[in-house]
Amino acid sequence: MTRSITLALCFLLVFASLRPAQLSAQTPSDLAGTWALNRQLSQFPSELGFSADFLGALGPGAGPVSGGRSGGRRGGGGGGIGGGLGAPKIVRETEEDSQRVSLLTDEVRNPFERVTIAETPTAVTITPDRAAARTFHPNGKDEDIPVGRVKATVNAHWDGSRLIVVYKADTGRELHYAYSLNTNPMQLIVDVEFVERGGGDKVRRIYEPAAALDTRATATPAPPVAAANPGPAPTSSSASSPAAAAAAPIDQRPDAALKGLTKLGVVVEDLSGDAAACSLTRDSLETMVSKHLADAGFRVVRNSDDDTYMYVNINTTKVSTGLCVSRYDVTLYSHAAAALSHTASPVLLQVELLHKGGIAGGAPAAHADGVVKSVLEYVDQCSARIRNAAK
């Protein structure tokens, strides 16, 4: 009997020593390859980002807090910020925190058009089309990686066949990425969630093998055989009609919608009375935005939204403590005619090509300079994207 008990205990000890290794075994899926974003299958909600709960995070002299949800659009009635809120808690956000939140939020709002994924038993490297490669070690441990000009703490692990990557954007704010594979049809599914107090926005992006999309985009039908009596040549208006555009192959290259832009309208939304009290003026802002675009080589038409235009919207409030707080958005809009699934004929649509936005707070004397500086930085970044698309 004693010998039997001893053998049983030995068996249990051996089993226990092996069990943790079995439980920790990972079953990663093969995410490796070059993937191209399918915009038709992906989600692009009108509002996406961390909540604009900035009054609880700004104190006098605090810097910009980027990455909040988009504010009002032209014709959308974006209102002021404030009203019935208590005195702000004095918690300062560093410039590095602001840049990290802004960059990570912008990557979700404007997803990479192409990503290349490489896997090893201990690491996953993701190389996007317009940023440096990022290597994650899916071992459940925090590590710091470069994100633009700043660093971010990330934690990666395998959840079954899904790769989970958590970016710690700021105190109480995280971005959760889940990469998974669909084999029929072959797709890379990227689910992103903004995690913060009270919940957060979610979005799904669908990528397909880049080779398949390239083949689809470049495939063109054979030219028709000329008829004996071809009739009159098509006019320029008929050649550029929605029907002709629909028949052409879709250009899915990165920033293809920006290629060829040489003229831009500029529209600066009217500012509130609080904005004037915080030293912000519409005319001076419009002049500076127009000058930056002209210096970048664009022909500028002020106060015009007839064609593609740069829209600047600033909502400002001055709270009881004397703190000025502004939400600012810079958006590049254009117009297009498209037939929707529920319309019998094409309709005219307003299309958002680029967008960046943020929040800034500080004393009235210095507030305007900080807001204008951030707006002009966004204008310059948009100009650079347009120039790069033309290369």
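Student: What does contact mean here?
Tutor: Contact means heavy atoms within 4.5 Å. This is a predicted model: local features need pLDDT of at least 70, side-chain atom pairs count only at pLDDT 80 or more, and totals for chains, interfaces and linings use all residues. Residues are numbered from 1 along each chain as its sequence is written, and side-chain values use heavy atoms, with hydrogens and water left out.

Student: OK, valine 195. Leaving aside neighbours within four places in sequence, what is it in contact with?
Tutor: Valine 195 is in contact with Phe50, Gly172, Arg173, Glu174 and His176, once neighbours within four places in sequence are left aside.

Student: Which strand is valine 195 in?
Tutor: Strand β10, residues 186-195. Strands are DSSP runs of E, at least two residues; helices are runs of H or I, at least four, and both are numbered from the N terminus.

Student: And how far is its C-alpha from that of lysine 168?
Tutor: The two C-alpha atoms are separated by 9.6 Å. Along the chain, valine 195 and lysine 168 are 27 residues apart.

Student: Zooming out, how many helices and strands?
Tutor: The protein has 8 helices and 16 strands. Of its 391 residues, 38% are buried.

Student: New topic. How many aromatic pairs?
Tutor: The count is 7. Rings of Phe, Tyr and Trp (its six-membered ring) pair if their centres lie within 6.5 Å; planes under 30 degrees apart count as stacked, over 60 as edge-to-face and the rest as tilted.

Student: Where do tyrosine 311 and tyrosine 333 sit?
Tutor: Tyrosine 311 is in strand β14 (residues 309-318) and tyrosine 333 in strand β15 (residues 324-338). They are 22 residues apart, and both are buried.

Student: Why is the pair of tyrosine 328 and tyrosine 378 tilted?
Tutor: Because their planes are at 40 degrees, with ring centres 5.9 Å apart. Tyrosine 328 lies in strand β15 and tyrosine 378 in helix α8 (residues 364-389), so the pair ties together parts 50 residues apart in sequence.

Student: Are those two buried or exposed?
Tutor: Tyrosine 328 is buried, at 0% relative accessible area. Tyrosine 378 is also buried, at 5%.

Student: Which residues form an aromatic cluster?
Tutor: Phe136, Tyr167, Tyr177 and Tyr179 form one.

Key
Buried < 20%, exposed > 50% of the residue type's maximum accessible area, 1.4 Å probe, protein only.
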